[in-house]
Amino acid sequence: MADTGASALPPTVPAHSPVTRAERFVWLTARVLEQRLFAHRFRGAPAEPVEAALEAYRNEDGGYGHALEPDLRGPVSQPLHAAHALRVLDAVGRCAGQRVERLCRYLTSVSTADGALPAVHPSQQGFPAAPFVTVVDDPPGDLLATGPVVGLLHRNEVWHAWLFRATDFCWQAVESLEKSHPYEVQAAVAFLDSVPDRPRAQAAADRLGRLVREHRLAALDPEDPDAYPVSPGYAPGEHHFAYDYARSPHSLARAWFTDEEMDRSLDHLAAQQRDDGGWPVRWRHWAPAPALEARPLVTIEALRTLGAYGRRIA
């Protein structure tokens with residue numbers, strides 16, 4: 001059974017609780033998918049409506065498109081959309097069956113020569129995409145796209161021929177990292193938290209944690225984020241904090257930070273809830289619709305993270 005993060009909440013909670021304020025924000029701004037996902041995670045609603053909403057994004061090739069990942073617009077299937085779909089299915093405990101089998105066939109069809117996923121498949125050409133997304137004719141395999149997909153499939157004990165080479169790619173990519181950036185590190189953690197070889201994952205995570213601290217990829221003092229560098233190509237002020245890497249206390253990345261550092265980061269996360277009930281999007285805003293659609297996603301994730309650490313959200 002998949003870990004859905006925060007536990008479902010009773011229908012009635014204090015009017016000014018974080019989850020109630022967030023609920024109003026979600027109803028005002030979110031897509032149907034996020035509305036139903038919120039209801040499932042925090043109000044005890046069934047999983048079937050979430051599945052039904054996700055189905056609208058699925059294409060005949062087994063992949064997902066239609067801006068499921070808001071920064072990639074257009075109808076075509078993309079690996080980043082596939083990762084997003086798997087996160088949704090994992091959240092509702094439905095990451096199995098023919099739907100996932102078809103998705104794995106899609107992943108096989110778009111894989112690179114080394115068995116990995118490109119960050120963006122060339123089919124995106126001609127459709128709008130964020131300016132920080134590079135679309136090329138022959139993209140290489142990318143840990144950013146492959147790691148989360150492989151991790152989620154292993155987490156849900158999905159076995160498919162595509163996984164063997166993709167898992168090998170992720171091991172090689174993670175274990176050879178000498179420098180990185182926060183989103184790539186998050187992808188590595190998503191892989192390491194679920195890959196079956198736990199001793200090897202632990203060793204790789206220990207090494208990755210040292211890299212994160214040495215290169216100051218986590219702003220350990222949220223009160224002074226400007227003391228930490230922003231990775232090249234990121235938006236001004238696009239810092240990452242301890243909770244961005246260790247989304248739950250069960251993550252291997254949790255060991256990278258002291259209790260005090262983690263508590264400070266969670267205090268900072270809780271304080272980021274805006275007056276409208278939502279959490280802000282920290283990456284670059286390049287068009288109105290992607291920014292609007294991303295905020296409910298960020299808001300649900302913030303609540304899930306706070307709940308996973310036992311912070312009061314109800």
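Q: OK, what's the average pLDDT for the chain?
A: The chain averages 95, and 95% of the residues score at least 70.

Q: Which stretch has pLDDT below 50?
A: That's residues 1-11. In the model this stretch still has 29 contacts beyond near neighbours in sequence. Where pLDDT is low, though, the predicted coordinates should not be read in detail.

Q: Switching topic: how many cavities of 30 Å³ or more are there?
A: The count comes to one. The largest cavity holds about 40 Å³ of space.

Q: Which residues line the largest cavity?
A: Asp71, Val281, Trp283, Arg284, His285, Trp286, Ala287, Pro290 and Ala291.

Q: And how does that lining divide into nonpolar, polar and charged?
A: Six are nonpolar, one is polar and two are charged.

Q: Now Glu293. Where is it?
A: Glu293 sits in helix α12, which covers residues 288-308.

Q: Is Glu293 buried or exposed?
A: Buried: its relative accessibility is 17%, and the cut-off for buried is under 20%.

Q: What does the side chain of Glu293 pair with?
A: The side chain of Arg73, through a polar contact of 2.9 Å. Leaving aside neighbours within four places in sequence, Glu293 is in contact with Arg31, Ala67, Pro70 and Arg73.

Q: You mentioned Ala67 there. Where does Ala67 sit?
A: In the loop between α3 (48-55) and α4. Ala67 counts as buried because its relative accessible area is 6%.

Q: What's the phi of Ala67?
A: Near 60 degrees, a positive value in a residue other than glycine. Arg216 also has a positive phi, near 55 degrees.

Q: Where's Arg216, then?
A: In the loop between α9 (198-214) and α10 (242-245). Arg216 is partly exposed, with a relative accessible area of 37%.

Q: Last one, Leu80. Which helix is Leu80 in?
A: Helix α4, residues 79-91.

Q: What does Leu80 touch?
A: Not counting residues up to four places away in sequence, Leu80 touches Glu69, Leu72, Ala119 and Ala145.

Q: And how many residues apart in sequence are Leu80 and Val149?
A: They're 69 residues apart in sequence, and 8.8 Å apart in space, C-alpha to C-alpha.

Conventions. Residues are numbered from 1 along each chain as its sequence is written. This is a predicted model: local features need pLDDT of at least 70, side-chain atom pairs count only at pLDDT 80 or more; totals for chains, interfaces and linings use all residues. Side-chain values use heavy atoms; hydrogens and water are left out. On a 1 Å grid over the protein atoms alone, a cavity is a set of points where a 1.4 Å probe fits but cannot get out, and a pocket is an open set with protein on both sides within 12 Å along at least five of seven lines; lining residues have an atom within 4 Å of a point. Grid points are joined across faces, edges and corners, and a volume is the space filled by probe spheres set on the points. Ala, Val, Leu, Ile, Met, Phe, Trp, Tyr, Cys and Pro count as nonpolar, Asp, Glu, Lys and Arg as charged, and the others, Gly among them, as polar. Helices (H or I, at least four residues) and strands (E, at least two) are DSSP runs, numbered from the N terminus. Buried means under 20% relative accessible area, exposed over 50%, partly exposed in between (1.4 Å probe, protein chains only). A polar contact is a pair of N or O atoms within 3.5 Å; within protein, one must be able to donate a hydrogen and the other to accept it, and residues adjacent in sequence count only if both atoms are side-chain atoms. Contact means heavy atoms within 4.5 Å. pLDDT is the predictor's confidence in each residue, from 0 to 100.
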